[in-house]
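Hi,

Here is the structure I promised to pass on. Have a look at it first, and my notes on what turned up follow below.

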Amino acid sequence: MKKIVLAASLSLLATGLQADDIKPEKAIEYRQSVYNVMGWHFKTMGAMVKGEMPFNKEVFAKKAEIVAFMSPLPGEGFIKGTSSKEVPESKAKAILWEKMDDVKAKSQDSQKETKALAEIAKAGDEKAIKEQFGKTAKTCKACHDDYREE
Ligand code: HEC
């Protein structure tokens with residue numbers, strides 16, 4: 001079942017579902033919106049992990065689930081003609097479109113770790129949750145380091 005979901009999300013990225021009438025600005029707005037929702041929940045989880053706010057397992061598990069669900073969604077927003085070179089609102093480096101295989105691998109890796117985080121969070125072992133959060137955050141950073149403008 002998991003494999004099917006992953007394959008489906010990957011094919012969204014691969015085909016790009018590029019309807020001709022999608023405006024570049026709309027695609028950028030779409031993917032940034034998804035990332036912003038993910039970032040919102042990720043930040044709260046991070047604050048709990050760092051002890052900047054009380055650790056609440058239920059809240060953490062809910063947020064981990066949201067991030068796991070959202071993680072495959074930005075893919076289809078990366079249509080051609082939407083790099084930071086082409087559209088000022090974009091923070092996606094042009095090289096992203098030249099390195100699609102690597103981008104897909106990094107996306108897949110991140111989806112895998114966000115899913116693992118959601119599962120571990122549900123199980124409730126605080127130490128394991130914190131470890132997996134760090135592992136997951138690394139997969140976000142790995143892609144940002146290469147493909148997102150500062
Ligand atoms: C496969 C690559 C990739 C992965 C994995 C990834 N991101 Fe991103 N992220 C990007 C790119 C590219 C942008 C810039 C998008 C744009 O400006 O169009 C971005 C932008 C963002 C933004 C800023 C949105 C904005 O409006 O500027 C946030 C927040 C964010 N990502 C959070 C995350 C979190 C949290 C994770 C991990 C759970 C994650 N990202 C994983 C590539 C990735």
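**What I found**

Ile22 counts as partly exposed, at 34% relative accessibility. On the cut-offs: buried means under 20% relative accessible area, exposed means over 50%, and partly exposed is in between, with a 1.4 Å probe and protein chains only. Ile22 sits in the loop between helix H1 (2–15) and H2. Its C-alpha is 8.8 Å from that of Ile79, although the two are 57 residues apart in sequence.

Before you go further, some housekeeping. This is a predicted model, so local features need pLDDT of at least 70 and side-chain atom pairs count only at pLDDT 80 or more, while totals for chains, interfaces and linings use all residues. Residues are numbered from 1 along each chain as its sequence is written, and side-chain values use heavy atoms, with hydrogens and water left out.

**Overall layout**

The protein has five helices and zero strands, and along the sequence the pattern reads α-α-α-α-α. Helices (H or I, at least four residues) and strands (E, at least two) are DSSP runs, numbered from the N terminus. Of the 150 residues in the protein, 36% are buried.

Where does the ligand sit? It is in the largest pocket. The elements giving two or more residues to the shell around the ligand are helix H2 (24–49), helix H4 (100–123) and helix H5 (126–147). H2 supplies the largest share of that shell, with seven residues.

For the pocket, the search runs on a 1 Å grid over the protein atoms alone: a cavity is a set of points where a 1.4 Å probe fits but cannot get out, and a pocket is an open set with protein on both sides within 12 Å along at least five of seven lines; lining residues have an atom within 4 Å of a point. A molecule sits in one if more than half of its atoms lie within 2 Å of its grid points.

There are 22 residues around the ligand, and Arg31, Gln32, Cys140, Cys143 and His144 come nearest. A residue is near a molecule or strand here if one of its heavy atoms lies within 4 Å of it. By class, the shell splits into ten nonpolar, eight polar and four charged residues. Ala, Val, Leu, Ile, Met, Phe, Trp, Tyr, Cys and Pro count as nonpolar, Asp, Glu, Lys and Arg as charged, and the others, Gly among them, as polar.

- Arg31 has a side-chain N or O atom 2.6 Å from an oxygen atom of the ligand.
- Gln32 has a polar side-chain atom 2.7 Å from an oxygen atom of the ligand.
- His144 has a polar side-chain atom 2.9 Å from a nitrogen atom of the ligand.

A polar contact is a pair of N or O atoms within 3.5 Å; within protein, one must be able to donate a hydrogen and the other to accept it, and residues adjacent in sequence count only if both atoms are side-chain atoms.

**Helix H2**

His41 is in helix H2 and is buried, with a relative accessible area of 13%. Its side chain makes a polar contact of 3.1 Å with the side chain of Lys63. Gly39 and Cys140 are 101 residues apart in sequence, yet their C-alpha atoms are 9.9 Å apart in space.

**Helix H4**

The 24 residues of H4 should span 34 Å at 1.5 Å a residue, and the end C-alpha atoms are 35 Å apart, which agrees. The expected span is 1.5 Å times one less than the number of residues. Just after H4, Gly124 takes a positive phi of about 95°.

Buried residues in H4 include Met100, Val103, Lys106 and Ser110. Thr114 counts as buried at 2% relative accessibility, and its side chain reaches the backbone oxygen of Gln111 at 2.9 Å. Glu113 is buried as well, with a relative accessible area of 8%.

Cheers
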